[in-house]
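Below are my notes on the model, as numbered points.

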Amino acid sequence: MSYSLTTLWHDRQRFLPGVLAVAFSALLIALQCGLLLGLFSITSIPVDHTRADVWVSAPEVLSVDLGRPIQEGSAVALVAMQPEVARTEIYMQGFAYWSKPRHGGTELCMVVGSRLGDDYLGTVDFLTADLRARLMEHGTIVVDESEKDRLGITGVGDYAEISGVQARVVGLVKGVKSLAGPYVFCSLYSAADFLRLRGEVTTYVLAKCHDPSQAASLVGRLNASNTVQAFTKDEFSFRSRMHWLTKTKAGIALGYAAALGLLVGAVVTSQTLYAAVAAQMREYAVLRALGIPRWRMALSVLAQSFWVGLIGVCVALPASFALAEVADQLGVQVQLPAKLLAAAVAITMVMAIGAGLTALRSLRLVEPAMLLR
Amino acid sequence: MLEETVLAAPTLRGRHLCRTFGDGETQATALFDVSLDLYPGQISLLMGPSGSGKSTLLAILSGLLHPTGGQVLALGEDLWKMSDRKRERFRLKHCGFIFQGYNLFPALNARQQLEMVLRWGEGASARQARARAAEVLTLLGLGKKMHLHPAEMSGGEKQRVAIGRALIKNPNFLFCDEPTSALDWAHGEQVIELLRNASHERGATVLVVAHDARIIPYVDRVFYLEDGSMREPEAALQAARQSETPSRLPGAY
């Protein structure tokens, strides 16, 4: 075991605040980012829960919920003629005004209209066969049960108006939260009415490739046409999340909170390491008298900061998973993908070693002559 | 023994050493025109009352404190004309130190305290450092206590570990500042014996700064410092006669 690690274990009470500060920083970064990822994954639900390999939209579409009308015939023809494409399908999504049936008032809602058969590309996977069968009837809709109050309805059988068109609730789903407006699922024909899409227009053309690995080359070729914009499923999902993350300035709030957590962690860790060196000033002074160079001791302090960081991160990771689980039980989604955790670990380790670097100033005070009385 | 070693060339020479602290009206002179020669294979004792400049002289001779005047020749090289880095390397290669407080790392056991010097100083491998540390501790009678931490050792044992830390490099010079003052005489005597062995058997040049006149019978030479100046050894004898245990003084002095 290295001298740094031996010292860390021997003086564990002294190092505990540093370890906890590092753990706190890592936990804060992971949970803050995970919370935002969870929050903004709501915007890409339709992309993530359907089976299309490629999404084709009007040019410059920023997010899946901000689609604009495109000519259905020409867009479908353009996509269908590509050699990689096995199937195409139209899909509609957009904001509409919802008029509450009781007490009046309006609410913005997000209409999602798709084909409803078993293996269609645009059918969201949480609509059961039974619900899809009920949606075949024109003007019927399915909403999330947690949105009933917001939409001013009591449950299945209620009527409301979307863009002045009557809509009947025929079913409820669970766990499809919304951000800007509650999701309203319906057939393509109902959606065309709710979104007032007249004539041969749609908002998206979806495509399935013969082989999903062909999606990127298909996207490249479609984008070269300049009449439409195409994305792979993953690209469009990421683009939708990032649009809302940056548009709402939530990223800035995240940055501040994470920076604050890092600052607290850095200061506490630095002070812990400083105090640890200061407590052994005389021992270090003997080593200096014996001619051991200062950089060798600095390396030892940096090794201590590395171990403090590593132990802190090891505490933070399981704690992050536990708290994410608690959040999930409370109905808040926290996503902790491996890339996010790796980034949180890397940032925290850099912070811990940076704190070690600032603690090196304590070694400047080490003077062998102080040992002579 | 004394005759034989005095004939050898001195390994450490202090020439007209001066040291002042502060400046202007607050200036104080700690050393004034002090010269001395130290020889290999000899243990020398530097005595004097508190504030006489003993520790300052030891610090200057050992390369820890810059003199304001004079010259220190160690193994023929002018110590204070070297760059800081070169002097640090000189200390690393040639100097061992023992201080009054044991100054052992609380987290490390006896063996690790010694290993650290070799690993950090010479870049020795873990295996080499371990073997040499075990060898030195066994010679110091701590063979069965290598695994103990400072908190588990007596004062005498801790000072022996500190001596081991100073000796593990097999230094040419061993500088000891009040090495026995924190120990009872039985343990202090053991420590002085070990230092005597280091000089007589290993050929090291050993300089001990101490108050305790009971050490005199164990050393080869005595220097007496008073008010920053060197006095005749008779002064040391006189001082020793006034100490608590005059019966142990050697007739030669």
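**Notes on the contact and the sheet**

1. The contact draws 26 residues from chain B and 21 residues from chain A; two residues are in contact if their C-beta atoms, placed from the backbone, lie within 7 Å. This is a predicted model, in which local features need pLDDT of at least 70 and side-chain atom pairs count only at pLDDT 80 or more, while totals for chains, interfaces and linings use all residues. Residues are numbered from 1 along each chain as its sequence is written, and chains are lettered from A in the order in which they are written.

2. On the side of chain B that touches chain A, at least two residues each come from α2 (54-61), α3 (84-94), β6 (95-98) and α4 (110-121) of chain B. Helices (H or I, at least four residues) and strands (E, at least two) are DSSP runs, numbered from the N terminus. The most is given by α4(B), with five residues.

3. By class, that side of chain B has 16 nonpolar, six polar and four charged residues. Nonpolar means Ala, Val, Leu, Ile, Met, Phe, Trp, Tyr, Cys and Pro; charged means Asp, Glu, Lys and Arg; the others, Gly among them, are polar.

4. In chain B, six strands make an open, mixed sheet in the order β6-β7-β8-β3-β9-β10; strands pair if DSSP finds at least two bridges between them. β6 and β10 (229-231) of chain B are at the edges with a single partner strand each, so one side of each lacks a neighbour in the sheet.

5. Strands β3 (residues 43-47) and β9 (residues 221-226) of chain B pair in the parallel sense over four bridges. S44(B) stands opposite R221(B) in β9(B).
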